[in-house]
Amino acid sequence: MPKKSSKSPAGKGPRTPARKPARVAAKRPTTASKATSQPAPDLSQERIVRALETIAAHLSAQGKPVVERESFKRADAYVWHPDGRLSAVPRVSRVELFLLKGVDRMRDILMENTERFAGGLPANNALLWGARGMGKSSLVKAAHASINAERKPAEKLKLIEIHREDIESLPALMEQLRASSFRFIVFCDDLSFDGNDASYKSLKAVLEGGIEGRPENVILYATSNRRHLLAREMIENERSTAINPGEAVEEKVSLSDRFGLWLGFHRCSQDEYLAMVRGYCSHFGIEVDDEALEREALEWSTTRGSRSGRVAWQFVQELAGRLGVKLTAM
């Protein structure tokens with residue numbers, strides 16, 4: 001009886017097939033998981049390859065100039081952006097050259113310098129400094145337009161404005177302009193430096209001193225209320241705190257020395273101020289009794305606390321608006 005009982009469980013047929021399906025069922029999931037896990041390395045490799053191709057394309061695009069030479073034919077003026085873009089300016093905000101009064105000497109010098117540059121002759125970078133509102137930036141824009149008025153499209157100067165806060169990107173701009181067949185005036189309005197601002201070093205290298213130097217087809221015009229581009233208290237602070245005061249001040253003041261032309265603008269006289277007002281009124285067809293015009297213009301300058309070309313223009317805008325006259329040239 002014991003022998004029968006031990007043989008009967010092992011010998012029974014139903015238990016044997018019951019165990020086999022269990023073993024097969026246990027093995028099937030592992031086989032399926034292996035089959036699904038095999039493509040995973042291939043997919044990850046494809047993602048890596050695509051990512052590397054994207055990075056390579058991005059780096060390659062960064063190495064090429066964003067603006068091609070042909071695009072400079074679209075306009076005569078542009079605004080530079082530090083990401084490498086040049087935005088075309090279809091219509092420059094400016095005044096006619098003959099409307100700028102009281103700056104005759106500076107006008108003649110800047111025009112002569114710009115004409116030489118436009119003709120391919122040596123010319124100097126220019127710093128226009130002095131009293132606010134006396135037409136420094138207006139003179140640069142007016143000189144550019146005046147010279148282009150008589151030049152063929154392929155010979156026209158291009159005016160590119162760079163903002164003060166983007167001055168560190170100036171070397172990148174120079175790199176784009178160097179290969180062009182056009183000639184460029186790079187213009188920075190209200191240029192000055194404060195505190196520990198070290199961005200002026202980029203400008204120094206471009207003006208003079210860098211191994212590449214300023215491109216032959218580029219000239220720089222800047223305006224500032226400060227002759228040395230630095231606040232007086234900043235210079236005095238350098239003298240009082242530096243170990244060698246002379247060297248500390250010399251490093252920063254030397255920036256303005258790299259402009260070949262210094263054109264000083266000073267406050268205008270009463271007669272020059274009134275001449276500006278009369279010139280604007282005549283140009284835009286504003287008809288007012290001269291005695292009343294003079295009285296109101298002087299009263300306007302008194303309330304503003306200064307006499308300048310900007311104050312004269314603001315008065316003319318007020319007068320034209322009051323009389324219902326649109327400021328369009330006759």
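Helix α4 (residues 104–118) packs against α5 at an angle of about 45°, with the two axes 10 Å apart. That angle makes α4 oblique to α5 (under 35 degrees counts as roughly parallel, over 145 as roughly antiparallel, 65 to 115 as roughly perpendicular and the rest as oblique). Keep in mind that this is a predicted model, where local features need pLDDT of at least 70, side-chain atom pairs count only at pLDDT 80 or more, and totals for chains, interfaces and linings use all residues. Residues are numbered from 1 along each chain as its sequence is written, and side-chain values use heavy atoms, leaving out hydrogens and water.

**α4 with α5**
- On the α4 side, the contact (heavy atoms within 4.5 Å) is made by M106, R107, L110, M111, T114, E115 and A118.
- From α5 come L139, V140, A143, S146 and I147.
- By class, this contact of α4 with α5 has eight nonpolar, two polar and two charged residues.

**α10 with α11**
- The axes of α10 and helix α11 (residues 290–304) come within 10 Å and cross at roughly 120°.
- α10 and α11 are therefore oblique to each other.
- Residues in their contact include Y273 and L274 of α10, along with L293 and W300 of α11.

**The largest pocket**
- Four elements, α5 (136–148), β6 (218–224), α10 (270–284) and α12 (309–323), each supply at least two residues of the lining of the largest pocket.
- The lining of the largest pocket divides into eleven nonpolar, twelve polar and ten charged residues.

Terms used
Ala, Val, Leu, Ile, Met, Phe, Trp, Tyr, Cys and Pro count as nonpolar, Asp, Glu, Lys and Arg as charged, and the others, Gly among them, as polar. Axes are lines fitted to C-alpha atoms, for helices over the stretch in contact, and angles run from 0 to 180 degrees between N-to-C directions.
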